[in-house]
Every structure is written in structure tokens, then in C-alpha cells.
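Subject: Structure handover

Hello,

Here is the structure we discussed passing on to you.

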Amino acid sequence: MRSTQTTAPKNAPAETPFLSDVTELRRRAREHIENGALTPSYLANKEVVLNLLNDALATELVCVLRYRRHYFMARGIHSQAVAEEFLAHSNEEQGHADQIAERIVQLGGEPNFSPDGLTSRSHAEYIEGTTLSDMIRENLVAERIAIDSYRDFIQYLGEKDPTTRRLMESILAVEEEHADDLADLLQGMPDGQSEVRRPPMSKHSND
Ligand SMILES: [Fe+2]
Ligand SMILES: [Fe+2]
């Protein structure tokens with residue numbers, strides 16, 4: 001009687017849940033070993049990802065500097081708790097910058113720490129502000145810019161580079177917490193509520 005079971009040919013693609021068989025994986029891993037973590041199955045456009053990572057690095061560095069400035073310049077009766085928050089955020093932005101720089105190197109790129117052009121590479125701005133409310137507001141605006149730009153970056157990465165995507169997702173979650181902290185601080189300021197709710201054009205309505 002003829003058996004209904006057939007023996008699958010060795011390394012038949014249909015029999016394996018993986019895209020590549022082991023022999024092929026081993027062969028490919030030996031090619032271009034100088035690329036380190038960057039293997040032929042990397043699906044994103046490396047140059048685009050490196051540029052976007054360097055933009056994110058600049059954004060983080062500008063945020064480190066702005067928060068640092070605000071930490072030292074915070075004055076007034078509400079300043080102590082706010083200054084402590086600025087310092088904590090500054091340190092976390094430095095951590096993000098380091099994580100991003102590390103990923104750039106893993107991908108075979110070079111992190112751009114040059115102060116030349118830093119503020120134009122950054123998405124967020126470096127605005128000093130004068131009052132404590134100004135500082136909180138400027139930091140909140142910068143966080144909101146970072147949130148939107150990181151969200152776009154994450155969407156672009158999709159499944160093409162899940163490692164960079166996960167990194168940016170973890171950073172995005174912290175930026176969202178920062179924005180939330182700042183919105184709370186702004187509400188707690190004596191002039192916070194009215195300034196936050198003022199329509200954007202009201203300043204010039206009598207011009
Ligand atoms: Fe950050
Ligand atoms: Fe942040």
C-alpha cells in the first residue's frame with residue numbers, strides 16, 4: 001500500500017516557519033562582517049535612518065541645553081520644584097542622546113555632536129524665556145515638537161527597522177511624560193492658566 005505521507009525535501013521552504021534556512025543564514029552572516037549588526041536582511045534605507053537619528057540626536061542635545069539653562073535660571077517662589085523637574089528632564093534627554101548615538105554607531109554611522117548647525121539640525125528650538133512660566137511653556141512646546149517628529153519617524157521605521165523603532169518608541173513615551181509634567185506645572189503657575197488658554201491672535205487683536 002502506498003503511503004500518503006511524503007518526505008519533505010531537505011530545506012524545503014514550505015516546511016520552515018522562517019524566511020531563511022540555516023545554511024543560507026550562516027552563509028550570509030559571513031558576508032560583510034565589518035558591518036557588525038547591519039546584516040543583509042536590514043530592510044530600511046540606512047542613510048535615511050542615520051539622518052533621521054542624527055536629527056533626533058540634535059533635538060535631544062538642544063533639549064539638554066535648554067533644560068540646563070532653565071534649571072540654573074529658574075527664579076521665584078515656585079522655582080525650586082520646577083528647577084528640579086528641569087534638571088531631571090535635562091538628564092533624561094542626555095540619556096536619550098546617548099542611546100541614539102549608540103544606535104547610530106551600531107548602524108555604521110557617526111553621531112553628529114558638532115555644535116555648528118546644532119540648532120538647525122534640531123527639530124526643537126533653543127528658547128531661553130524670561131519668566132518661569134515662559135520657560136515651562138517653551139519646554140512644553142519643544143516636547144510637543146519632539147513627540148510629533150518622533151511619531152513620524154516611528155511610522156516610517158515600521159517593520160523595516162524594529163530595533164530603532166523600539167528605541168524611538170521608548171524615547172517617545174518619556175517625551176510624553178515630560179510634556180504631561182510640564183502641562184501640570186504650567187497649570188500650577190499663578191499666570192499659567194490664563195496664558196495657556198489665551199487664543200494665539202489675542203495679543204495682536206488691538207493692533
Ligand atoms: Fe528626550
Ligand atoms: Fe523630553
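The notes below cover a helix pair, then one further helix and a residue in it.

Please keep in mind that this is a predicted model.

Helix 2 and helix 5

Two packed helices are described by the angle between their axes and the distance between the axes. For helix 2 (residues 46-73) and helix 5 (residues 132-157), the axes come within 11 Å and cross at roughly 165°. Angles over 145 degrees count as roughly antiparallel, and helix 2 and helix 5 are therefore roughly antiparallel to each other. The crossing of helix 2 with helix 5 is left-handed.

Which residues meet where helix 2 contacts helix 5? From helix 2 they are Leu52, Ala56, Thr59, Cys63, Arg66, Tyr67 and His70. Helix 5 supplies Met135, Asn139, Ala142, Ala146, Ser149, Tyr150 and Phe153. Sorted by class, this contact has 9 nonpolar, 4 polar and 1 charged residues.

Helix 3

Helix 3 covers residues 79-106, and its 28 residues should span 40 Å at 1.5 Å a residue. The end C-alpha atoms of helix 3 are 40 Å apart, which agrees with that expectation.

Asparagine 91 is a residue of helix 3. Is asparagine 91 buried or partly exposed? Asparagine 91 is partly exposed, because 13 other C-beta atoms lie within 10 Å.

Regards

Notes
Residues numbered from 1 in each chain as written. Chains lettered and ligands numbered in written order. Predicted model: local features only at pLDDT ≥ 70, side-chain atom pairs only at ≥ 80, totals over all residues. Axes fitted to C-alpha atoms, helices over the stretch in contact; angles between N-to-C directions. Helix = DSSP H or I, 4+ residues; strand = E, 2+ residues; numbered from the N terminus. Parallel < 35°, antiparallel > 145°, perpendicular 65-115°, else oblique. Left-handed = near helix turned anticlockwise from the far one by under 90°. Contact = placed C-beta atoms within 7 Å. Nonpolar A, V, L, I, M, F, W, Y, C, P; charged D, E, K, R; others polar. Expected span 1.5 Å × (residues − 1). Buried ≥ 20, exposed ≤ 12 C-beta atoms within 10 Å, placed from the backbone.
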